Amino acid sequence: MSVDVPRRIVLLRHAKADWPQVADHERPLAERGRNDAPLAGRRIAEAGLTPELTLCSTALRTRETWKLVVHELPRRPKTVYEERLYDAPVGQLIEVINETSDDITDLLVVGHNPGMHGLADALAGEADEDAKERMDRGAFPTSAFAVVTVSGSWKSVEIGCGRLTSFWAPHE
């Protein structure tokens, strides 16, 4: 596949998590999260987004979110559980994306805030309509996702290289 093909990155924040007495990495989804995650999956499917690869944080809440989201998609993409996505700063998130094979056109990343919001904001050199305003107004709530389009190879993804084309959040 040519590196000139437009590519899409779906940045999905995990669904609402509970706060039991466990390590942060092992926090499960709350009831609201278990209800909202399938909504996010349906919205991703309705938007015609067809990820070929999903990179998912190893935290329990991101894994549970992904399991609920993927059941709503028309086909299951390859999934890689990536430890480096847990509590990652923007630069590290970009490094992980840069390792994606250029055979992939649509990538979905399931992660945490402030990383997902920060990455969407950092990559978006441009934005469609009110997507950026809506994303910033809601501070990227749980189960929300942003879609950023980029050109070139995944290795060339860097700050300001993309266009924020849409943003969706439950309860908006």
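Two strands are said to pair if DSSP finds at least two bridges between them, and the strands themselves (E, at least two residues), like the helices (H or I, at least four residues), are DSSP runs numbered from the N terminus. In the predicted model shown above, strand β5 (residues 124–127) is joined to β7 by 3 bridges, and these two strands run parallel. Within this pairing, Glu126 stands opposite Arg163 in β7. Strand β7 also pairs with β6, here in the antiparallel sense and over 5 bridges, and Val147 stands opposite Ser166 in β7.

Residues are numbered from 1 along each chain as its sequence is written, and side-chain values use heavy atoms, with hydrogens and water left out.

In soluble globular proteins, nonpolar side chains tend to be buried together. A nonpolar core is a set of buried Ala, Val, Leu, Ile, Met, Phe, Trp, Tyr and Cys residues joined through side-chain atoms within 4.5 Å, where buried means under 20% relative accessible area, exposed means over 50%, and partly exposed lies in between (1.4 Å probe, protein chains only). The largest nonpolar core of this model has 30 residues, and the members that touch the most other members are Ile9, Leu11, Ile97, Val109, Phe140 and Trp154. At least two residues of this core come from each of β1 (7–13), β2 (53–57), α3 (90–98), β4 (106–111), α4 (115–123), α5 (131–138), β6 (145–150) and β7 (162–168). There is also a second, separate core of 18 residues, with Val10, Leu29, Leu73 and Val110 among them.

Which residues does Val109 touch, not counting residues up to four places away in sequence? With contact taken as heavy atoms within 4.5 Å, Val109 touches Ile9, Val10, Leu11, Leu12, Leu55, Leu85, Ile97 and Met116.

Phe140 counts as buried because its relative accessibility is 0%, and its phi is near 55°, a positive value in a residue other than glycine. Among the residues in contact with Phe140 is His117, which also touches Met135, Asp136 and Ala139, when residues up to four places away in sequence are not counted. His117 lies in helix α4 and, with a relative accessible area of 18%, is buried. A positive phi, of about 55°, is found again in Asp87, although Asp87 is not a glycine. Asp87 is in the loop between β3 (78–82) and α3, and because its relative accessible area is 58%, Asp87 is exposed.

We now come to the open space in the model. Rolling a probe the size of a water molecule over the atoms shows where empty space is left. On a 1 Å grid over the protein atoms alone, a pocket is an open set of points where a 1.4 Å probe fits, with protein on both sides within 12 Å along at least five of seven lines, and its lining residues have an atom within 4 Å of a point. The largest pocket has a volume of about 180 Å³, a volume being the space filled by probe spheres set on the points, which are joined across faces, edges and corners. Its lining is made up of Arg13, His14, Lys16, Ala17, Trp19, Asp24, Arg27, Arg61, His112, Asn113 and Thr142.

One of these lining residues, Arg61, is found in helix α2 (residues 60–70). Is Arg61 buried or exposed? Arg61 is buried, because its relative accessible area is 5%. Leaving aside its neighbours within four places in sequence, Arg61 is in contact with His14, Ala17, Asp24, His25, Arg27, Leu29, Tyr86 and His112. Asn113, also part of the lining, is joined to Pro114 by a cis peptide bond, with omega about 10°, and Pro114 lies in the loop between β4 and α4.

Notes: Predicted model: local features only at pLDDT ≥ 70, side-chain atom pairs only at ≥ 80, totals over all residues.
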